[in-house]
Amino acid sequence: MNQFDSIFLVGTRIIVCVGSGGVGKTTSSAALGQVAAGKGLRTVVVTVDPARRLADALGLAEGLTAEPQFLHGSDAGGELWAMMLDPRTTFDRVIAAEARPDLAAKIGKNRLYNNFANGMSGTHNYLATEELFRLSNDERFDIVVVDTPPSTTVLDIIDAPGRLVRLIDNRIYRVLSGRSSGVMGVMTRMANRFVRTLASVIGADVIDDAVEFFGLFKPLEQGFRDRAVAVEALLAGDETQVILVTTPRPDVVAMAGSLAQDLDERSLMPDTVIVNMAHPDLGEDAEDFDDTRDIEAVQRLRRRVEAERRAVDPLGSLIGAEAARLIWVPALAGDVHDSAGLAHVASYLRAGG
């Protein structure tokens, strides 16, 4: 068993691919899905990035939908599915599952809800965790591969469940949802003055929409809170593998190291590092060259490979020599944009580098 096989051992339910932009994270996610399906696992790859890179990587000309679509099976009995997060669809689905039909209809007409559901970034981040929770409990799938947006946004997604819980516990929110009384009377009066002042600035209609929405949302709070806590536990648990994707450029490695430290603060230190776009190490094959120009080219290549290894060494040290699994994927002549390029990446992942 090579180093990489341990990612797909029984018990892993979630693989989260993280990294900065332009490092091949989406391609790696798609390749991971292919490898998992090839190992007999029913796999769904979901992208929470609104760009259509995952569809392009998988060769889907018509793009992805908000529901998992079956792509193909494997000789080992695995399956590959893919989908793209659509915040509106996810939010409507959650509301329909949590609320009575009449309450769900009222929420659906609320203007603040529609602003939330139609693309506000904070809502998009939270709904990514709702979708992850749904897929992780979908009996059709053994494993979920998540293609995340670039570095800073993935931290917002990871932090989103905790932010929701803090919002529900916020005193101003409790006033707007109509639940402050008794010993909270003084605070209520202060909050009401704040609300009136806010209304004079941004408009009473906006405040009315907020009061209506938070009041309608009140019966759903416990369900949202419970799922938020469950998602936090799922991400931090042994069932989740975090894979950090980088390239061997020193500046990109530095960004990857910073992200790894931020993740470590959230108990999510990456388990594996994929180093994309590396120069190939010719190894013993280099001895076969006789022409002087070829030998010089090989020597230059070896120096480049050594420089890339030195650049990545601090990242391996940061994660820990024993825990880190560094998978090197040589660069292609051009961008990965077709099935052959995706197969190239998947072959190195499958072999463990």
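Which helix does Ala36 lie in? Ala36 is part of helix α1 (residues 25-38); helices are DSSP runs of H or I with at least four residues, strands are E runs of at least two, and both are numbered from the N terminus. The model is predicted: local features need pLDDT of at least 70, side-chain atom pairs count only at pLDDT 80 or more, and totals for chains, interfaces and linings use all residues. Residues are numbered from 1 along each chain as its sequence is written, and side-chain values use heavy atoms, leaving out hydrogens and water.

**View 1. Ala36 is buried.** Its relative accessible area is 0%. Buried means under 20%, exposed over 50%, and partly exposed in between (1.4 Å probe, protein chains only). Ala36 and Asp142 are 106 residues apart in sequence, yet their C-alpha atoms are 9.5 Å apart in space.

**View 2. Phe70 and Trp81 form an edge-to-face pair.** Rings of Phe, Tyr and Trp (its six-membered ring) pair if their centres lie within 6.5 Å; planes under 30 degrees apart are stacked, over 60 edge-to-face, the rest tilted. Here the centres are 5.5 Å apart and the planes stand at 75°. Phe70 lies in strand β3 (residues 69-73), Trp81 in strand β4 (residues 79-84). Phe70 is partly exposed, at 44%. Trp81 is buried, at 14%.

**View 3. Phe116 meets Phe213 edge-to-face.** Their ring centres are 5.5 Å apart, with planes at 70°. Phe116 belongs to helix α5 (residues 111-117) and Phe213 to helix α10 (residues 204-217). The two are 97 residues apart. Both are buried.
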